[in-house]
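Hi there,

Here is the structure I promised to pass on to you. Please open it beside this email and follow along as you read.

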Amino acid sequence: MNKKGLTEADIRTKFITPAIVGVNGEKWDLLTQLREEIYFTKGRVIVRGKAVRRGEAKKADYLLYYKPNMPIAVIEAKDNNHAVGAGMQQALEYAEILDVPFAYSSNGDAFLEHDRSSRNGVVEREIPLDQFPSPEELWARYRKVKGYNDEQESVATQDYYDDGSGKTPRYYQLVAINRTVEAIVQGDNRLLLVMATGTGKTYTAFQIIWRLWKSGAKKRILFLVDRNILADQTKTNDFKPFGQAMTKITNRSVDKSYEIYLSLYQAVTGTEEERNIYKQFSSDFFDLIIVDECHRGSAAEDAAWHEVLTYFATATQIGLTATPKETKDVSNIHYFGDPIYTYSLKQGIADGFLAPYKVVRIGLDKDLDGWRPEKGKLDKYGHEIEDREYNESDYDRNLILEKRTTVVAAKITEFLKATDRFAKTIVFCENIDHAERMRQALVNANADLAAANKRYVMRITGDNDEGKAQLDNFIDPESTFPVIATTSQLMSTGVDAQTCHLIVLDKRINSMTEFKQIIGRGTRINEDYNKFFFTIMDFKRATALFADPTFDGDPVLIYEPGPDQTPVPPDEPRDVGIDAEGLVYDPIGAYEPPVAGEPPKKYYVDDVEVIVATERVQYLDEHGKLITESLKDFSRKAVRQAYTSLNAFLNAWNDAERKLAIIEELASQGVFLDELAEQVGRDYDAFDLVCHVVFDQPPLTRRERAEQVRKRHVFAKYGNQTRAVLDALLEKYADGGIKSVESLEILKVDPLTAFGTPVEIVKLFGGKERYQAAIRELETELYEAA
């Protein structure tokens, strides 16, 4: 057998796989320990206008598992024309991402091994095919490096929870779970996990707890959250397998017969000593405490429930957060130590697990220029307005410009009408009063849909039972209503709104932590409901926080429309209180008439016009870098990187057997020709779009090209039926472009079906080769003028 003539797939099947499993299958179990060609990322979502596609996903040739969900080695294969170690660099890159200790490369002659756990001695060595190590050998080497005793090993290898559905953790969740369990096995008691919103922190926490609980390493566990809805979501969803062993601490009562406890921060602490329920537990009652969203309060030493952590100091404590907090006053890194693992928003978007987003920035004239009342001006309630300059830090706090709210509502409605009026939308307002006024303005702007269903727009805030009751419906992808939710704080964290397409920022945000949490409401992808990206509509320049070096996930596009343009893109804050149920409320409430003789807390002004002054587009390229030029400029630059001149492009186009191959290659570089056609003209072919936009050539429409071919009578040599087929294909080209001509599927469409089945049509030409030659001749004639 000539190895050099074999493909990589052949090398894997005939040489590498047999070497891994052993002659008699005595080494690695093919069904449970070996995965071949395993994709571990999804591929970045690339957005151009309304068009969405995925970039290339990362794929390992082989991933070997000591036990399910415990990967221990990665192998990269090459064909036999490569050296044994040719795949090692890629294997090491994947081994680092997947956090596995052993990396291998092979070309079918032997293996090159790299031991990432080795701290001395030989790191890389070549191994004959028949001496590939068994699972027990690799684990023994890894165990020795870790220094496990038998008890530690039993915890480190404890099984994951498996519900039988085939659901397995994503690669980064496995890394987080395995690292955490291993660190606890080795005696670490303060751990910090940083995982971006939408990456499954609660599911990760569940698997950590499950493995430590089932192994007996931790017997009584406290899981702390700061919102009632988060505790309920956790209990009914991710933590459901704990069943009867789990309880939620409510009404400040304690039952010590359970093993897994869910609690709000606010339920176990209080301002008065006697209300401190946690002291009813002995200080060594819990041996594991996990703090969800540990950037809020838990890291501050003067936070009310910081005492909980101090009281249960003997327990292992794990902090979960999307935003590690490191300020002069608060530091969860100082408390928990450096993160044991970080999976950032940027990485989540790059891997395709999180949705990228566009930004539409809208500047209102009174926000940009400020507003000063004329002397003696009265508000709508007859109060004289204090004479000073008001700006966006005043609006909706101590000065209400009612027409400003109307303009914001109108812009939101304009966007939804141009895209999808039933796209789930969250509008973040300054406070509860502002959220209520925004609800009213949106009801008036969408009077038809609001009349058809009173839940089309809802205010969902901590003080409103009717709104809170609809929160589950807003979150549920299958529930159409509510569509638009106005809120101030309640929905800024932990609300798992998978199908949220639009986030509106009409509040000042000065904290990166709060900003990341709000962005996190939209970053979940739901392919079943066609949710791949979302849009942020920013009225308060909150997205200026993108320029902060600590922000790790740039937008795919930033758009600032002009005053008369559509809002659809071409294709530490003020103190907040927390009530006993963990619902955030805003100290600035609804309108209260002032006491006689006192100036009012707020002025309500209903006769000052507010207009849109600026509305701006930025794209992310295929590498995730921010681009500020137009789609045309971006396309011109991207094409010129592949084809430096018009001649280079023409030669490649004419030489290509499939023109679609060039179009697909350009798409992989982020050039979306369909979106370009939206701007330049729908009647132009991909070829003319590139020649015109990139190389400044005068374009011809598809129909003009088709008519030129007809005038030249180039198909006279064909028989009547084959000539009629080519003429029908020419018409299909004029209607739909080159994609129509090159696909055999087009032969199943009228009027071509009149000539017979695809097989019969191909036979008219004398077989498939002659049919394809005729298609190539047709394409040559179409582009002859060029």
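A686 sits in helix α23; helices here are DSSP runs of H or I with at least four residues, strands are runs of E with at least two, and both are numbered from the N terminus. Before going further, please keep in mind that this is a predicted model, in which local features need pLDDT of at least 70, side-chain atom pairs count only at pLDDT 80 or more, and totals for chains, interfaces and linings use all residues. Residues are numbered from 1 along each chain as its sequence is written, and side-chain values use heavy atoms, with hydrogens and water left out.

Is A686 buried or exposed? Its relative accessibility is 13%, so A686 counts as buried (buried means under 20% relative accessible area, exposed over 50%, and partly exposed in between, with a 1.4 Å probe and protein chains only). Leaving aside residues up to four places away in sequence, A686 touches I663 and L673, where contact means heavy atoms within 4.5 Å. A686 and L673 are 13 residues apart along the chain, and 6.4 Å separates their C-alpha atoms.

That brings us to a pair of helices. Two packed helices are described by the angle between their axes and the distance between the axes. Helix α22 (residues 673-680) packs against helix α23 (residues 686-695) at an angle of about 65°, and their axes are 10 Å apart. Axes are lines fitted to C-alpha atoms, for helices over the stretch in contact, and angles run from 0 to 180 degrees between N-to-C directions. The two helices, α22 and α23, are therefore roughly perpendicular to each other (65 to 115 degrees counts as roughly perpendicular, under 35 as roughly parallel, over 145 as roughly antiparallel, and the rest as oblique). The crossing of α22 past α23 is left-handed, meaning that the near helix is turned anticlockwise from the far one by less than a right angle; clockwise would be right-handed.

Which residues of α22 and α23 make the contact? From α22 they are L673, L676, A677 and V680, and from α23 they are A686, L689, V690, H692 and V693. These contact residues divide into 8 nonpolar, 1 polar and no charged (Ala, Val, Leu, Ile, Met, Phe, Trp, Tyr, Cys and Pro count as nonpolar, Asp, Glu, Lys and Arg as charged, and the others, Gly among them, as polar).

Strand β10 (residues 221-225) pairs with strand β13 (residues 288-291) over 4 bridges, in the parallel sense, and L288 in β13 is the bridge partner of I221.

Have a look at K201, which is found in helix α6. K201 is buried, as its relative accessible area is 8%. Not counting residues up to four places away in sequence, K201 touches M195, A196, D292, E293, L320, T321 and A322.

Strand β9 is mostly covered, with 5 of its 6 residues buried. It pairs with β14 in the parallel sense over 5 bridges, where L191 has I318 as its bridge partner. On β15, the parallel pairing of β9 runs over 3 bridges, and M195 stands opposite Y343.

A second open sheet has 6 strands in the order β1-β4-β5-β6-β7-β8, with mixed pairing. Its edge strands are β1 and β8 (124-128), each pairing on one side only, and its twist averages 30° from one strand to the next. Strands β4 and β5 form a hairpin with 2 residues between them, and N69 in the turn has a positive phi of about 70°.

Happy exploring!

Definitions and conventions. Pairing = 2+ DSSP bridges.
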